[in-house]
Amino acid sequence: VADAAVDPNRLVLNFLVENVLEVEARLVAMGAIWIRELERVPWGIIGTVLDVDGNYVQVIEPTRGSLPWLAKGTEEHP
């Protein structure tokens, strides 16, 4: 295991959250390093931080109805 990820965007972990501002506050309180500050995009809000190994972790709050596989009762996703 290396000290830090050599290529941090090779594998990006995505977490869909219900309240990205709440998650942001917790990450800021923990001293997270932001690679991409929270940004509103057409399909929601996204931000990227480094995990303890230097990998990219994205927190995403999708806009309601923007991601079809999140519709209630839908199991399929890309």
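Biologist: Which residues does Asn14 touch, not counting residues up to four places away in sequence?

Modeller: Contact means heavy atoms within 4.5 Å. By that criterion, and leaving out residues up to four places away in sequence, Asn14 touches Gln58 and Ile60. This is a predicted model, in which local features need pLDDT of at least 70, side-chain atom pairs count only at pLDDT 80 or more, and totals for chains, interfaces and linings use all residues. Residues are numbered from 1 along each chain as its sequence is written, and side-chain values use heavy atoms, with hydrogens and water left out.

Biologist: Where does Asn14 lie, and what joins the side chains of Asn14 and Gln58?

Modeller: Helices (H or I, at least four residues) and strands (E, at least two) are DSSP runs, numbered from the N terminus. Asn14 lies in strand S1, residues 12-16, while Gln58 belongs to strand S4. A polar contact is a pair of N or O atoms within 3.5 Å; within protein, one must be able to donate a hydrogen and the other to accept it, and residues adjacent in sequence count only if both atoms are side-chain atoms. The side chains of Asn14 and Gln58 form such a contact at 2.5 Å, and the side chain of Gln58 has another with that of Thr48, at 3.3 Å.

Biologist: Is Gln58 buried or exposed?

Modeller: Buried means under 20% relative accessible area, exposed over 50%, and partly exposed in between (1.4 Å probe, protein chains only). Gln58 is buried because its relative accessible area is 17%. Asn14 has 44% relative accessibility, so Asn14 counts as partly exposed.

Biologist: Which residues make up the largest nonpolar core?

Modeller: A nonpolar core is a set of buried Ala, Val, Leu, Ile, Met, Phe, Trp, Tyr and Cys residues joined through side-chain atoms within 4.5 Å. The largest one here has 9 residues: Val17, Val20, Val23, Leu27, Trp34, Ile45, Val49, Val57 and Val59. At least two residues of this core come from each of helix H1 (20-29), strand S3 (44-50) and strand S4 (56-62). H1 gives the most, with 3 residues.

Biologist: With which residues is Val49 in contact, leaving aside its neighbours within four places in sequence?

Modeller: With that exclusion, Val49 is in contact with Leu27, Ala32, Ile33, Trp34, Ile35, Asn55, Tyr56 and Val57. Tyr56 can also be set against Asn14: the two are 42 residues apart in sequence and 8.7 Å apart in space, C-alpha to C-alpha.
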